[in-house]
Amino acid sequence: MVAMPRCRGIRLLPRAAVVVLLAASSVVLAVPPAATAADVTTGLVLRYDLAQTSGTAVSDTSGNGRDGVLAGDASWSGGGLSLGGTNGHVKLPNNVLAGLNQITVAADVYIDPAQASPYMIWAMGNTGSDGVGNGYLFTTGNGYKSAIATGNWTTEQGMEAAALPRGVWASIGYTLNADGVATQYLNGQPVATKTGVTITPGAIGGGTTTANYLGRSVYSADKYLRGAMKNFRIYNRALSAAEAGDIAIADTVRVAGDKAGLSLGDTSAVTADLTLPLLGPAYGSKITWASSNPGVISAAG
């Protein structure tokens, strides 16, 4: 029979007659560790912590008074914004991109495994009378794509990386600097770059944007986001790579959350192979396993 698992030095008490110790030999991040530093507040245009517990007004904690409005099947749950995927979203104020020659947009997002496509995690711009996006900036997850456009999809200038993980929390970010270089971040690390971007956020709609959303696309036929969000921010500048790492979910939080969520269920009377998780249940950290007696139970379970 097999002992309850041990994860990085935290040994759980075994049940009686247990002879083999199966341990999570390491819980490591899927990306290199980001630096730990103070919060980044310089240049904030808007900040929604999304940690409220009630109300339909979404508080802007940047001090700029740009509160949003909760709509549809969106609700406050577990310290974050829960989005049901039917029509839930947050409406941002009009013209939030006006005057911006650079930008950073960042958020922590949980995408439900049942998310339908196409969809946008966040989008800011305009929608034409035909329901088609008409100048916008957005991020989606299948694959992980961000782009800026002056008209419909044929005018997009963007980049794409591998699809975002589903069923776990991830920190995403988009920056566009004054030199026309756009960078996409995942969990504090750059994953895609686009040079030669000629569109500025402030040029969209000539500064007038009325379709600014969290959890909703600027294309009326697209799906709504099904999942959750926290820590949404817009800056009037392109954050550095170090700053993008600073505002992402901290490595210590990611590892601790995944360690706490590890479970193999009842191992008091094991008679068959075990299914050992290889990714953390909350943040997707990579996990490797080791056995004290591979002749009885291998590291593969």
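Mentor: Begin with pLDDT, which is the predictor's confidence in each residue, on a scale from 0 to 100. You need it here because this is a predicted model.

Trainee: What is the mean pLDDT of the chain, and over which residues does pLDDT stay under 50?

Mentor: The general idea is that, where pLDDT is low, the predicted coordinates should not be read in detail. In this chain the mean pLDDT is 85, and 81% of the residues reach 70 or more. Over residues 1-22, however, the pLDDT is below 50, although the model shows 64 contacts for this stretch beyond near neighbours in sequence. Residues 25-37 also stay under 50, and for them the model has 35 contacts beyond four places in sequence.

Trainee: Turning to the fold, how many helices and strands are there in the chain?

Mentor: The chain has two helices and 20 strands. Of its 301 residues, 50% are buried, and among contacts between residues at least 6 apart in sequence, 63% join residues at least 24 apart.

Trainee: How do I read a sheet, and what is the order of the strands in the open sheet of eight?

Mentor: In general, strands of a sheet pair through backbone hydrogen bonds, either parallel or antiparallel. In this model the open sheet of eight strands runs in the order β5-β6-β9-β18-β11-β12-β13-β14, with antiparallel pairing. Because β5 (57-58) and β14 (157-161) stand at the edges with a single partner strand each, one side of each is left without a neighbour in the sheet.

Trainee: Are the faces of strand β18 covered or open?

Mentor: The general idea is that side chains in a regular strand alternate between the two faces of the sheet. Strand β18 (residues 211-214) is covered on both faces, with Ala211 and Tyr213 buried on one side and Asn212 and Leu214 buried on the other.

Trainee: Could we follow a single residue in the same way? Which residues does Met229 touch?

Mentor: Met229 lies in strand β19 (residues 226-235) and is buried, with a relative accessible area of 0%. Leaving aside residues up to four places away in sequence, Met229 touches a set that includes Leu50, Leu81, Ala107, Val109, Ile121, Trp169 and Leu214.

Trainee: What volume does the largest cavity have, and which elements supply its lining?

Mentor: The count comes to one cavity of 30 Å³ or more, and the largest cavity has a volume of about 100 Å³. Its lining comprises 16 residues, of which Ala106, Ile172, Gly173, Ala244 and Ile247 lie nearest the centre. At least two lining residues come from each of β10 (103-111), β15 (169-176) and α1 (241-247), and β15 gives the most, with five residues.

Conventions
Residues numbered from 1 in each chain as written. Predicted model: local features only at pLDDT ≥ 70, side-chain atom pairs only at ≥ 80, totals over all residues. Heavy atoms only, no water. Helix = DSSP H or I, 4+ residues; strand = E, 2+ residues; numbered from the N terminus. Buried < 20%, exposed > 50% of the residue type's maximum accessible area, 1.4 Å probe, protein only. Contact = heavy atoms within 4.5 Å. 1 Å grid on protein atoms, 1.4 Å probe; cavity = no way out; pocket = protein on both sides within 12 Å on 5 of 7 lines; lining within 4 Å. Points joined across faces, edges and corners; volume = space filled by probe spheres on them. Pairing = 2+ DSSP bridges.
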